[in-house]
Amino acid sequence: MHFEFLVEDASGKKAMEVLAPKLLGDTDTFRIFPYKGNGHLPKGLKPKTDARKRILLDQLPKLINGYGRTPDCGVIVIICDLDSRDYMAFMAQLESLLNSCTKKPKDTLFCLAVEEFEAWYLGDLAAIRKAYPNAKEYILNRYENDSICGTWELLADAIYKGGRIELSKKGQVGVEKYAWAEKISPFMDVSKNASPSFNEMRKQLHSLKSKYKGASL
C-alpha cells in the first residue's frame with residue numbers, strides 16, 4: 001500500500017518520517033508533504049489564500065480533488081491539530097468537505113492531534129525522558145492526555161530552559177518544535193502511546209491495511 005501524509009508544518013513532517021515506518025511496517029510506501037500552518041476550512045470549497053502560501057486546511061478542497069483525479073494515488077492521510085475546536089463538529093466538517101468534492105480519492109483519513117501534535121509526544125513520557133533526561137517530572141506527571149491545556153507550552157515548560165516564556169521571547173518556537181520532533185520521535189513506541197488521538201490514528205491505519213490485506217493499493 002502507498003500512503004500520502006499531509007501535515008501542517010515541518011516539525012510534523014520530521015516526526016512522521018520516523019513514526020510512519022513504525023506505524024505502517026516495512027512493506028508499505030509513503031510520502032510526507034508539510035504545509036505552513038493549519039488555517040481554516042474554506043466556505044464554498046474555495047481557498048481564501050494563494051496556493052503558494054501552503055496553508056493546509058485552506059487548500060484542502062483543491063488537494064483532495066487533485067488526488068481524486070490522480071489514478072492510484074494511494075491512501076490520503078491528513079494530520080492536523082484540533083487546537084480549541086470541538087472534535088465531533090470539526091470531524092463532521094471535514095467529512096462534509098470530502099463528500100462535497102467533485103473528485104475524491106478512494107480512501108482518505110482525517111487524523112486529529114488533540115490538542116496539538118505535541119500531545120503525541122506527551123503520550124509517550126518514556127520517550128521524552130530518554131530524549132531529555134533532565135525533563136521536569138512534576139510538569140510531565142500533571143499532564144492529562146489529550147487535554148486542551150496549551151500542549152506545546154506545557155512541553156516547553158518541562159524540557160526547555162526557561163520554559164514557554166523564554167522560548168517565546170526568543171521567537172524560536174518553530175525551531176524548537178522541529179528539535180522535539182527530531183529528538184523524541186525516534187524513542188517513541190507506537191504500540192504504547194497514552195494519547196487517545198494518536199491511538200485513533202494508529203487504529204485507522206491498521207484497519208485500512210487489514211481491509212486491503214492481500215491486495216495492492
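Student: How many salt bridges does the count come to?
Tutor: Bear in mind that this is a predicted model. Side chains of opposite charge can pair when their charged atoms come close. A pair counts here when a Lys or Arg side-chain nitrogen is within 4 Å of a carboxyl oxygen of Asp or Glu. By this rule, the count is eight salt bridges.

Student: Which residue does Arg31 meet in a salt bridge?
Tutor: The pair links distant parts of the chain, with Arg31 in strand E2 and its partner in strand E1, 27 residues apart. The N to O distance is 2.7 Å, and the partner is Glu4.

Student: How far apart are the closest N and O atoms of Glu17 and Lys13?
Tutor: Both residues lie in helix H1, four residues apart, about one turn of the helix. Glu17 is partly exposed at 32%, and Lys13 is partly exposed too, at 24%. They form a salt bridge, and the closest N and O atoms are apart by 2.5 Å.

Student: What is the nearest side chain of opposite charge to Asp81, which is buried yet has no salt bridge?
Tutor: Asp81 is found in strand E3. Its contacts beyond four places in sequence include Glu8, Glu115 and Glu116. A salt bridge needs the nitrogen within 4 Å of the oxygen, but the nearest side chain of opposite charge is 5.4 Å away, and that one is Lys177.

Student: Which element supplies the largest share of the lining of the largest cavity?
Tutor: The lining includes Val7, Ser11, Ile79, Asp81 and Lys177. Helix H1 and strand E3 each supply at least two of the lining residues. The largest share is three residues, and it comes from E3.

Student: How much space lies in that largest cavity?
Tutor: Rolling a probe the size of a water molecule over the atoms shows where empty space is left. The count comes to one cavity of 30 Å³ or more. Its lining divides into five nonpolar, two polar and five charged residues, and the space in it is about 90 Å³.

Student: Is Leu167 buried or exposed?
Tutor: Leu167 lies in helix H8. Leaving aside neighbours within four places in sequence, its contacts include Trp152, Tyr160, Val173 and Trp180. Buried means under 20% relative accessible area; Leu167 has 0% relative accessibility, so it counts as buried.

Definitions and conventions
Residues numbered from 1 in each chain as written. Predicted model: local features only at pLDDT ≥ 70, side-chain atom pairs only at ≥ 80, totals over all residues. Heavy atoms only, no water. 1 Å grid on protein atoms, 1.4 Å probe; cavity = no way out; pocket = protein on both sides within 12 Å on 5 of 7 lines; lining within 4 Å. Points joined across faces, edges and corners; volume = space filled by probe spheres on them. Nonpolar A, V, L, I, M, F, W, Y, C, P; charged D, E, K, R; others polar. Buried < 20%, exposed > 50% of the residue type's maximum accessible area, 1.4 Å probe, protein only. Lys, Arg positive; Asp, Glu negative; His and termini not counted. Contact = heavy atoms within 4.5 Å.
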